[in-house]
Amino acid sequence: MMKVTIIGGHGKVALLAAAQLAKRGDTVISVIRNPDHAADVSATGATPLVLDVENATTAEMAEAFQGAEAIVWSAGAGGGNPDRTYAVDRDAAIRSMNAAEITGAKRYVMVSFLTADTEHLVALDDPFYPYMAAKIAADEHLRASALDYTILGPGALTLAEPTGLLNPMPDPASDTSTSRANTALAIVAALDEPASIGRTINFSDGDVPVAQVVAAGN
């Protein structure tokens, strides 16, 4: 059993991952900003912890992470406001990594996205630029850290039912539909798979078992 802290605990992917982890006996702490969401988190079997990561300091995050063996970042500003996007998706994410190092929570799983790299970075005046730039910066910081990280890069998220099957080499120019449920399965698989450490694993829905994709990487 493992003690896992999930940041962005009320997100659809996070709720699904928390339920899977709790069901198998892991201890799950789900960090949420809005206390009104506590009941939804509790229903998964996780314990809600109210903390506004956008404004929380590294020290406050480190206190929240005490005892955690693994951190899962599944938070996001939700787009629309560039300043808030940078504040959450880049700055808060980086503080969480630093906090994880302070507390000794070596294992860190980042939920990123399929084209989070400079090769696919859109123009500066594109509305999607702040999100892409923020996530790319956070991922780069994680790669440079001392953490045992895995970066998961799902394609376009959907509400489709889980299949447990992924495409480990999706073409970003084609259909990259990826169910949130399959993404949650990838989080759990990554936490279980030492071979995923130090890897960026991109995927969409496909026909290869999740565990196989996570073990092989890209």
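Which residue in β6 is the bridge partner of V111?

1. The partner of V111 is L152 of β6. The model under discussion is a predicted one. Strand β5 (residues 107–111) and strand β6 (residues 148–154) pair in the parallel sense, with five bridges between them.

2. On the sheet as a whole: nine strands make up an open sheet of mixed pairing, ordered β3-β2-β1-β4-β5-β6-β10-β8-β11.

3. Helix α6 (residues 180–192) lies across β1 (3–7), β4, β5, β6, β8 (165–167) and β10, and runs at about 160 degrees to β5.

4. On the packing of α4 and α5: the axes of helix α4 (residues 82–103) and helix α5 (residues 129–144) come within 8 Å and cross at roughly 10 degrees. Since angles under 35 degrees count as roughly parallel, the two helices α4 and α5 are therefore roughly parallel to each other. Residues making the contact include Y86, A93, I94 and M97 of α4 and Y131, A134, A138 and L142 of α5. By class, the residues of this contact comprise 13 nonpolar, three polar and three charged.

5. On the nonpolar cores: the largest has 33 residues, of which V4, I6, I187 and L191 touch the most other members. Two or more residues are given to this core by each of β1, α1, β2 (27–32), β4, β5, α6, β10 and α7 (210–216). Leaving aside residues up to four places away in sequence, V4 touches L21, T27, V28, I29, A70, V72 and L191. Another core, of 28 residues, lies apart from the largest one and has I7, A68, A100 and Y149 among its members. In soluble globular proteins, nonpolar side chains tend to be buried together.

6. Is V13 buried or exposed? V13 is placed in helix α1 (residues 12–23). Its relative accessibility is 6%, and because buried means under 20%, V13 counts as buried. Beyond residues up to four places away in sequence, V13 touches S74, R180, T183, A184 and I187. V13 and L159 are 146 residues apart in sequence, yet their C-alpha atoms are 9.7 Å apart in space.

Conventions. Residues numbered from 1 in each chain as written. Predicted model: local features only at pLDDT ≥ 70, side-chain atom pairs only at ≥ 80, totals over all residues. Heavy atoms only, no water. Axes fitted to C-alpha atoms, helices over the stretch in contact; angles between N-to-C directions. Helix = DSSP H or I, 4+ residues; strand = E, 2+ residues; numbered from the N terminus. Parallel < 35°, antiparallel > 145°, perpendicular 65-115°, else oblique. Contact = heavy atoms within 4.5 Å. Nonpolar A, V, L, I, M, F, W, Y, C, P; charged D, E, K, R; others polar. Buried < 20%, exposed > 50% of the residue type's maximum accessible area, 1.4 Å probe, protein only. Pairing = 2+ DSSP bridges. Core = buried A, V, L, I, M, F, W, Y, C linked by side-chain atoms within 4.5 Å.
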